[in-house]
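Hi there,

I am passing on the structure we talked about, with a few notes to go with it. Have a look at it below before you read on.

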Amino acid sequence: MRIWVDADACPVVIKEILFRAAERVKVPVILVANRVMSVPPSPYIKSLRVAAGFDVADNEIVKRLNAKDLVITSDIPLAAEVLDKGGYALTPRGELFSTETIRERLMLRDFMDTLRSSGVHTGGPPALSQCDRKAFANQLDALLARTALALRS
């Protein structure tokens, strides 16, 4: 398993949780962004800079993704592509996307885009809370534990 991070919009505190996990369980973490990302020196942590542009980082992640890899993203269309390729998608708030819920999330996203394009102010997401950070860390630990068990069997 590798962990791919849609890093341009990923909160710093979430990256720090990922860096600690990479060292603890020796899993590769790759931050993909269209700007230079600062990462701690580690054989398990890398950054991949892609060209600027709409969905360039997303497309690179999907291109390199293997089944059972994990992607950290809030981008619902990217999450859908990850699930289609047999990967896992986890938001920085700790929500694990699933094949059962992704279509509904895509429809809601499209509806909100329609509202915004017609001039309705829909607001943004709330600030990342301590509960969100804990939910993320718990989901990440659960996925890593599940993967470790699968490798042992």
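In which helix is Lys15 found? Lys15 sits in helix α1, residues 12–25; helices (H or I, at least four residues) and strands (E, at least two) are DSSP runs, numbered from the N terminus. Before the rest, some ground rules: this is a predicted model, where local features need pLDDT of at least 70, side-chain atom pairs count only at pLDDT 80 or more, and totals for chains, interfaces and linings use all residues. Residues are numbered from 1 along each chain as its sequence is written, and side-chain values use heavy atoms, with hydrogens and water left out.

Back to Lys15, which is buried (under 20% relative accessible area, 1.4 Å probe, protein chains only). Setting aside neighbours within four places in sequence, Lys15 has contacts (heavy atoms within 4.5 Å) with Ala7, Cys10, Leu31 and Met37.

As for the whole protein, there are five helices and five strands, in the order β-α-β-β-α-β-α-β-α-α. Of the 153 residues, 38% count as buried. Among contacts between residues at least 6 apart in sequence, 50% join residues at least 24 apart. The C-alpha trace spans about 50 × 35 × 35 Å along its principal axes.

Best wishes

How values were computed:
Buried < 20%, exposed > 50% of the residue type's maximum accessible area, 1.4 Å probe, protein only. Lys, Arg positive; Asp, Glu negative; His and termini not counted. Salt bridge = Lys/Arg side-chain N within 4 Å of Asp/Glu carboxyl O.
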